[in-house]
Amino acid sequence: MRIGFNPQKSEKKINLTTYHRVIVVVYIPNEEGFYKNSYDVFKLCLDSLVATINSNTAITIVNNGSYQKVTELLLNYLKDKKIDSLIH
């Protein structure tokens, strides 16, 4: 664990609007075999996360090459401000 503090915070080089950030990495290439129910499980995970965080928490999703249906879901969540940032 790091000891001390980030000097950029005290120098006001970064502006923090949240205290916590949840980062979720997702890779769902299709809905077949091993990934059969992955889309539904992932959507339930996101909906649960969005419903239970407080206003001091931001959500970042890292889309690691998921198929189009997942990408569209994530773009809608970003547009609706359910997630803070999206990385492809």
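Mentor: Start at Lys69, which is partly exposed at a relative accessible area of 36%. Partly exposed lies between buried (under 20% relative accessible area) and exposed (over 50%), using a 1.4 Å probe and protein chains only. This is a predicted model: local features need pLDDT of at least 70, side-chain atom pairs count only at pLDDT 80 or more, and totals for chains, interfaces and linings use all residues. Residues are numbered from 1 along each chain as its sequence is written, and side-chain values use heavy atoms, with hydrogens and water left out.

The side chain of Lys69 forms a salt bridge with that of Glu31 (3.4 Å, N to O). A salt bridge here is a side-chain nitrogen of Lys or Arg within 4 Å of a carboxyl oxygen of Asp or Glu. The pair links distant parts of the chain, 38 residues apart: Lys69 is in helix H3, Glu31 in the loop between E1 and helix H2 (38-52). Helices (H or I, at least four residues) and strands (E, at least two) are DSSP runs, numbered from the N terminus. Glu31 is partly exposed too, at 32% relative accessibility.

The whole structure holds 3 salt bridges. One of them joins the side chains of Arg21 and Asp84 (2.8 Å, N to O). This pair also links distant parts of the chain, 63 residues apart: Arg21 sits in strand E1 (residues 20-26), Asp84 in the loop between helix H3 (68-79) and strand E3 (85-87). Arg21 is partly exposed at 43%, and Asp84 at 44%.

Now turn to helix H2. Asp47 and Lys43 meet there through their side chains (3.0 Å, N to O). They are 4 residues apart in helix H2, so about one helical turn separates them.
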